[in-house]
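Please read them with the structure open beside you.

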Amino acid sequence: MMRSGVFQFRSGTSFFHRLDPLTKLAWLVGISLLAFGAYIAWLQIVITAVVLFTALVLARLSPVEIWRGTWLFVFACSSFLVIQTLTLPGTHVAFRIAGHPIYAESFDYALASALRIYTIILSSLVFVRTTDPRELAIALVTQMKVPYRIAYAFFIALRIIPTLEDEIKTIRAAQSVRGVARQGGIAGRIREMKRYAMPLLVGSLRKASMMVMSMEARAFGAFPQRTFVDAPQMTWAGMTVCAIMLIAVLGWYLALGLGYVHTMYVLAPA
């Protein structure tokens, strides 16, 4: 039995699973705004810790799931951190490595930037793994009054990556049955992707054609409104989460605007 895709909804009973889709979307937007607005490393550490707590405790994602979904970005962010720390100039020397000065300002900026990228990726993973795309599309139509054509386009966008993951697994299994061995290393992975490209393109076009015929058969777009059997509703827990995120975002940007935020380096200058 094949494993479910990394960026694919998985049903569950955790606190985050029970929240309505719009609440989780508001949480994702709020975390992104805080991450983009926080240029200080210690605050980025706090935001990353909150998102990790949400993923592990509130959404009940296992460390293996988190690693499978973010390992590539962990290496990318780590590389960014090292390169920026070693190359960016500064004024306060924190310590030296083989005679090369490491500036507190450089490390603080590099750490904040690296954690910002990782935080957004991790929060997106939590959102995708705990949110049913169908329920999100219905909530956008029924609660936010978004035209159902736009909501359905959003639904398709959330389904692209899981669909591609399933297609690649099917192609890989079909080629293995036909005696095509998998290749190791980075160069081997690149050659494999070349081998998957054409079947993946043909399969995607076939699925798109079938989807178009199915939508036309159901008179999609013929009427200004559509009805739904069931629609998610925002609970008190969802309202509380939205209120917390709104207060956090407004409070942080207000503090920035009034000049109450001061730089405190993670590495104390020597």
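1. α4 passes α5 in a right-handed crossing, where right-handed means that the near helix is turned clockwise from the far one by less than a right angle, and left-handed that it is turned anticlockwise. Helix α4 covers residues 63-87, and its axis comes within 9 Å of that of α5, the two crossing at roughly 165°; axes here are lines fitted to C-alpha atoms, for helices over the stretch in contact, with angles running from 0 to 180 degrees between N-to-C directions. The pair is therefore roughly antiparallel, a label for angles over 145 degrees, while those under 35 count as roughly parallel. Sorted by class, the contact of α4 with α5 holds 16 nonpolar, 6 polar and 2 charged residues, with Ala, Val, Leu, Ile, Met, Phe, Trp, Tyr, Cys and Pro taken as nonpolar, Asp, Glu, Lys and Arg as charged, and the others, Gly among them, as polar.

2. On the basis of these values: this is a predicted model, in which local features need pLDDT of at least 70 and side-chain atom pairs count only at pLDDT 80 or more, whereas totals for chains, interfaces and linings use all residues. Residues are numbered from 1 along each chain as its sequence is written, and side-chain values use heavy atoms, with hydrogens and water left out.

3. Residues making the contact include W27 and L34 of α2 and M245 and W252 of α9, contact meaning heavy atoms within 4.5 Å. By class, the contact of α2 with α9 has 14 nonpolar, 4 polar and no charged residues.

4. T131 deserves a look, in the loop between α5 (104-130) and α6 (133-142). T131 is buried, with a relative accessible area of 2%, where buried means under 20% (1.4 Å probe, protein chains only). A polar atom of the T131 side chain lies 2.7 Å from the backbone oxygen of F127. Leaving aside neighbours within four places in sequence, T131 is in contact with F9, P21, K24 and L136.

5. For the protein as a whole, the secondary structure comes to 9 helices and 2 strands, these being DSSP runs (H or I, at least four residues, for helices; E, at least two, for strands) numbered from the N terminus. Buried residues make up 37% of the 270 residues.

Key: Buried < 20%, exposed > 50% of the residue type's maximum accessible area, 1.4 Å probe, protein only. Polar contact = N/O pair within 3.5 Å; in protein donor to acceptor, adjacent residues only side chain to side chain. Parallel < 35°, antiparallel > 145°, perpendicular 65-115°, else oblique.
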